[in-house]
Each structure stands twice: as C-alpha cells, then as structure tokens.
Amino acid sequence: MAKHAIVVLLLSIVLFILAQQSSSSQPFKPISSHRAPKFLGGFSTSKPYHDHSRNHNHQRLEWLRQYPYETRYFEQRLDHFSFLELPTFNQRYLISLEHWSGPGQLGPIFVYCGNEGDIEWFAANTGFVWEIAPSFGAMVVFPEHRYYGESMPFGSQEEAYKNAATLSYLTADQALADFSVLITNLKRNLSAEACPVVLFGGSYGGMLAAWMRLKYPHIAIGALASSAPILQFEDIVPPESFYDIVSNDFKRESTSCFNTIKASWNALISEGQKENGLSQLTRMFRLCRELKNTEELVNWLDSAYSYLAMVNYPYPSDFIMPLPGHPIREVCRKIDGCPDGTSILERVSEGVGVYYNHTGEVNCFELDDDPHGMNGWNWQACTEMVMPLSSSPDTSMFPTYDFNFSAFKEECWTDFKVNPRPRWITTEFGGKDFMTDLKTFGSNIIFSNGFLDPWSGGSVTQNVSDSIVALNMQEGAHHLDLRAATAEDPNWLVEQRATEIRVIKKWLSDYYEAKGASLLSNVETGDRATSM
C-alpha cells in the first residue's frame, strides 16, 4: 500500500506519502497517491529503535511526572447520535487539579483535544498548557481520542479495527461529542458548571479544537488551534502547498541540496531497475529487509523530508525522532558536504540519516512501524479526512504528481470496503466560504501557524475578525508554540506565547464580566484571581 506518511494530521496526525514508478526508457512517473495525508503515521524505525522507543516512553513518563496528574476513565457511548443500546467503552483522560482555583472562584478548565495517538505522548509534548495553568488557576484535562491509545471500543484494538462496521464510529464528530460529554459530566461532578473551558489542540487536535468551538460554543469559551489545516480539503487551498513548503524549507538552506534531492528520484528508479539493483539500494540505505520495490524506498524518503519540515525546530527535540536543532540545515550540510565523486543516492543516504539515525545507535532501518498507535488514521483518511496533495513540476523537489481521487477511492475500497466522502468534512464544519462563515458565526479562536510547517498552507493565516485571529511565526514549525518553554527559545517564540496568553486572558475577562465576576491579572505572567 502506498501511503502518505506525513504527520495527524494527524495530524498525528498522525499522513501517507506518494508512491511512484517508471519504465526503464522513460523519466520517472509516480503512480497515484492513494492516501490522504496525515500528521502522524507509520513512522519508519530501526530494530534498535524498538529499544529506543522503550527509552523514549520512559523519558515521556519522566517528563510527565513533573506535571502532577491522575489517569481516569469515563464510560462513553459508542454512538452519540443514535438511541440504540450499543456497547459503551472507556475513554482515558489525564486530569490535574493541582493548581485549580476551584468552582468558587470560577477556576478555568484547560482541555487539550486529543489527537490520533496515545494521549500521554501528546501531553508530554504540550508543555505550554501545563506551564500556564498555575498562573491561571486552571484545571488541566487531556482526553484521549476514541480508537487511539487505551480508548478502544469493543474491548481491544484488534476488535475495534476489525472491519468497516466496527470502525464506523471513528469520526471527528463522534470524537467532539466524546469531549463535550466528558467535559459536561466532569463539570457537573465537581460543581463547576459555571467554570469556563478553554480548548487547545495541535495539528488534527487543533482542527478538533477549532471545530468544537464552532459546533459546541456553549461548552467552551475559546480555542487555541495550533498548526490546524482546516482548509486542506477539496478545492479550498492549492493541493501543491504542502510539498511546495517542504521544498522551500530545503531550498532556503541550500539550493544544491534541493537540486540533489530533486534529481535523486530518477536516480533511485534507475538503480532499482538494474540487475540486483534493489539489493544494492537495500545495502546503501541500510534497510533491515530486502526492498520489494522502489516505491517502498520512495515513500520512506518522502516521509523523512516531510516530517523534517514539520519538526524543523530551532533547538534539539525528540517529538518524532531525536533530532538536532534546525534539522533540515543539518541534512543539507550532510548532503552538500560529501566528497567530490559521491553519487546522488549516496549523498541522499547520508542526509536522511540525520532523521532516522541522528543518535548513531541504529544498525538498520525498518520501512514500516507505528510506535505511537496511529493506525486508525488509515480509516479516517479513507472516510472523511480526504486532504488532497499534489506536487508541482517547478517549485517542488518531489516528483510531479496530481492527486488521483479515483485511485484513492479504489484502494480505500480494497482496504476497508468503504468509499471516501471528500465533501463531508466541509459540509459538517464549513467549506469553500469558510472564512466568511467564521466571521459570521464564530468567535474566540486563535489560529497559530509556523510558516516552515507544510501544513500552514492549509491553515487560517489571516485575521478573520477581532476575536478570530491568526498568529504567525515566520521561522516556526509544527505547533512549536504548544511545546514546553526552553532556554533556547528565540524571542519571536516567547512573544508568540505571550500574545496567546493575553488573548486567552481577554476571553476569560469577558466571560467573568458577563458572569458578574472580575479577573485581576498580570499581563506578563497570567496570574489571576476572581471575585464576585
């Protein structure tokens, strides 16, 4: 299966990549890309990286220990939009009451809309919410998205992912209903019905946060939607935007690096057509098993370049893979720094090692693995999250490609016996005239974007109204603002977060004023208190 392994969305989001082929006598021609993109997908990991993955999980838990929270479970309906007596399931959520000022002071509730993966992983990578909660006197809640992590209907992932019938309840609107029912129940149990809720989310989670603010405005007073490509649907934004931005991220570092990668696709196909060519490519790229075809290697490389653009952070990180700061710069340094006479494919192999083996601990690479539990996105991409991607011949370093919906539909039927509904999301949440809809019917949403992030091409990047604002970072990558603060944060990132805090405080001030309460706050720190 040819997959976009782009991170949903999730983006996780969790997002499948171009599959490509050619004949020996013709230039490289990619076959159709059958998957809509996702934020987080089948991450390629090495066998030694399974050990690293365990270490990474340990580091994640160590990171989370600095934020006191409990793990709880809430019994959810399988189908919120039916009155049939169907099985229920337990939705996992993380909750911290450590700094909550309580219902008497109308203490706010910060809710992160869970993405397409294990909720602990997202909680560990959303330090911004944890760090600002004390100054707001806020409760923190991280509900897990149904069909991911431990929140599995039908008792297990095997049963939940069994067929189209069991997967049919994996939709965005069911997930939003989960969040709304959980929040309502939690507030009632804590006598906190009057406490305001602020939503947060990144990538697919950011899309959910924005959509929830629009669909359930009585549940939450505002939403911070970071790197949320809610416009990346049919006929709304140019489908070439994603790969153009990835390509520009490389070109801005080095034109020769860009050109080497652009030339590598034909070189790869040519090598694969030789006698023992697949074996040679397997050895050159240090793969753990023999290549079955060149498509596998094309997808693996495409995935790396796309993820590198998403996590092109200005400091070292291990969100997807352990990476240095400015990782694309390092990739291009490796590619350009090879000795004269080094082949194009050898240069690319050297460069891509920055993504797959920055630690130097990897002996060989697996072409497909999913350590974060995002396989459910395959279903979401084949039903409602149809986000077309294309690659232009001039501005992209990737092979020219036009999204082929017929081929996409055919593969979805083969995999799941289901036909995609490319217009359902825009019918449910807003489509071609979405900006007007936002201005007319919406309020209190921050769309934050980093222009190095390829998903920014499908995001809201202009102010819509006084209360629906776009906060953009020219040098920012995928939901960088939601990550924990570090000593290495550039000034523009510090300012971005400070602006977000000020906007959130205004939402709360307006709410408290309407309730006859007052918000006494320090604009710089977010310190707050209420009085009736």
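Two strands are taken to pair if DSSP finds at least two bridges between them, and strand β2 (residues 88–96) meets this with β4, to which four bridges join it in an antiparallel run. The model is predicted, so local features need pLDDT of at least 70 and side-chain atom pairs count only at pLDDT 80 or more, while totals for chains, interfaces and linings use all residues. Residues are numbered from 1 along each chain as its sequence is written, and side-chain values use heavy atoms, with hydrogens and water left out. Helices (H or I, at least four residues) and strands (E, at least two) are DSSP runs, numbered from the N terminus.

**The sheet**

- Eight strands form an open sheet with mixed pairing, in the order β1-β2-β4-β3-β5-β6-β7-β8.
- The edges are taken by β1 (70–77) and β8, each of which has a single partner strand, so one side of each is left without a neighbour in the sheet.
- Neighbouring strands of this sheet are turned by 20° against each other on average, direction ignored, where axes are lines fitted to C-alpha atoms, for helices over the stretch in contact, and angles run from 0 to 180 degrees between N-to-C directions.
- Strands of a sheet pair through backbone hydrogen bonds, either parallel or antiparallel.

**Strand β3 and its partners**

- Strand β3 (residues 109–112) runs parallel to strand β4 (residues 139–143), with three bridges joining them, and it also pairs in the parallel sense with strand β5 (residues 197–202), over four bridges.
- Val-141 in β4 is the bridge partner of Val-111, and Val-141 is also the bridge partner of Ile-95.
- On the β5 side, Phe-110 has Val-198 as its bridge partner.
- Both faces of β3 are covered, since Ile-109 and Val-111 on one side and Phe-110 and Tyr-112 on the other are all buried, where buried means under 20% relative accessible area, exposed over 50% and partly exposed in between, with a 1.4 Å probe and protein chains only.

**Helix packing**

- Helix α7 (residues 204–215) lies across β5, β6 and β7 (445–450), running at about 150° to β5.
- Two packed helices are described by the angle between their axes and the distance between the axes.
- The axes of helix α9 (residues 255–272) and helix α11 (residues 294–310) come within 10 Å and cross at roughly 160°.
- Helices α9 and α11 are therefore roughly antiparallel to each other, on a scale that counts angles under 35 degrees as roughly parallel, over 145 as roughly antiparallel, 65 to 115 as roughly perpendicular and the rest as oblique.
- In contact terms (heavy atoms within 4.5 Å), Ile-261, Trp-265, Leu-268, Ile-269 and Gly-272 in α9 meet Thr-294, Leu-297, Val-298, Leu-301, Asp-302 and Tyr-305 in α11.
- By class, this contact has eight nonpolar, two polar and one charged residues, where Ala, Val, Leu, Ile, Met, Phe, Trp, Tyr, Cys and Pro count as nonpolar, Asp, Glu, Lys and Arg as charged, and the others, Gly among them, as polar.

**Individual residues**

- Ser-227, in the loop between β6 (222–226) and α8 (241–251), has a phi near 50°, a positive value in a residue other than glycine, and counts as buried at 2% relative accessibility.
- His-479, in the loop between β8 (468–473) and α18 (491–514), has a positive phi of about 30° although it is not a glycine, and at 5% relative accessibility it counts as buried.
- Phe-122, found in helix α2 (residues 119–124), is buried with a relative accessible area of 3%, and between Phe-122 and Phe-319 there are 197 residues of sequence separation and 9.3 Å in space, C-alpha to C-alpha.
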